[in-house]
Amino acid sequence: MVEPVGHERQRRLLARRPAQSLLFVGPEGVGRRTVARWFAYGLNCAQGFPPCGRCASCRAEHHPDLFEVRPRTKTRGGQIARRPQIHLDQIAPRAGAEEPNLIEWLQTAPRHRAKVAVVDSAHLLGEQAGNALLKVLEEPPPHAYLILIAPSREAVLPTLASRSLTVGFGPLPTEQLRSLSENEAALRYSEGAPGRLMAALADPAGLAEAESAAKAWVESLGRDAAELLAQTEALRRLAEGPFDPWVFVAQAWEDWPPPAREAALAALLRAREELEAYVAADLVFTRLALTLRRIYADLRAGSPLPR
Ligand SMILES: [Zn+2]
């Protein structure tokens, strides 16, 4: 079992077993999955909460009473799926299915005390899969718990959200993460999410590359458009890798005056939404770069230069 970092209030709530259907919402890497697994270990621990780490259940590396479903990123033919999704056969029994499904798994008796099914990225449930899951949420077997993981309550089908208790997970204070590492670039990149901190620490060279590309991009805002677009292309390619350089770009706007900063963040948010809606990335980034260039030009004309 991996001990979660932070989220003490949420863990105190969960230790009271507040509901059988739970919806964990919060930013990527903040610890929703780790707390979901901790909850499964706590429910099954011979000592109860917090899990002792020593009993037979706690010592299981892959817990027999924990089942996790996540979106398929490949099609049946082995191609990269255009849109990752959780399919019906992952949730409900289907003829010819190759993998175990959540509903059948949940209906058998637990090896220890309680079964926990985690639906990772519940906002990517297909419609049929979502409807099948709804039936379990309405009437879960007595020993069963369901945890849906999503970025926000709004991102999940309303019928699923309304039948689950929402538990919110926010970024942790940097001071809390400092107990894990004092690497400043990694702490900046983490934005309070321990999972992001760990990923950053595992690949310092990749992180440094993302940070310096972000810095070069911000500097090119004041230069000619061709150079800005060349830097934008570099950032677009980096964004496909493990680290999102736009996190560092947005941090560079923090000392801009509020109207310019807000306009810049709104443009970035719009770009992220367009990418999630599968608008072509080069188009999205080109538009973002040109919008930012305009904001920067206004800023420079109207007020003192940001450092
Ligand atoms: Zn235990």
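Modeller: The model is predicted, so local features need pLDDT of at least 70 and side-chain atom pairs pLDDT 80 or more, while totals for chains, interfaces and linings use all residues. Residues are numbered from 1 along each chain as its sequence is written, and side-chain values use heavy atoms, with hydrogens and water left out.

Colleague: What makes the cysteines donors of the zinc ion?

Modeller: Donors are N, O and S atoms within 2.8 Å of the metal (3.2 Å for Na, K and Ca); water is not among the atoms, so sites may look incomplete. The SG atoms of Cys 45, Cys 52, Cys 55 and Cys 58 lie at 2.2 to 2.4 Å and therefore qualify. Their spacing in sequence is C-x6-C-x2-C-x2-C.

Colleague: Why is the site called tetrahedral?

Modeller: Four donors count as tetrahedral if all angles lie between 85 and 135 degrees. The angles among the 4 donor atoms here are 102 to 117°, so the term applies.

Colleague: Are Cys 45 and Cys 55 buried or exposed?

Modeller: Both are buried, that is, under 20% relative accessible area.

Colleague: What makes a set of residues a nonpolar core?

Modeller: It consists of buried Ala, Val, Leu, Ile, Met, Phe, Trp, Tyr and Cys residues joined through side-chain atoms within 4.5 Å. The largest has 39 residues, and Trp 217, Trp 253, Trp 256 and Leu 292 have the most contacts inside it. Apart from this core lies another of 29 residues, including Ile 86 and Leu 160.

Technical notes
Four donors count as tetrahedral if all angles lie between 85 and 135 degrees; four count as square planar and six as octahedral if opposite donors are over 155 degrees apart and all others between 65 and 115; anything else is irregular. Buried means under 20% relative accessible area, exposed over 50%, partly exposed in between (1.4 Å probe, protein chains only).
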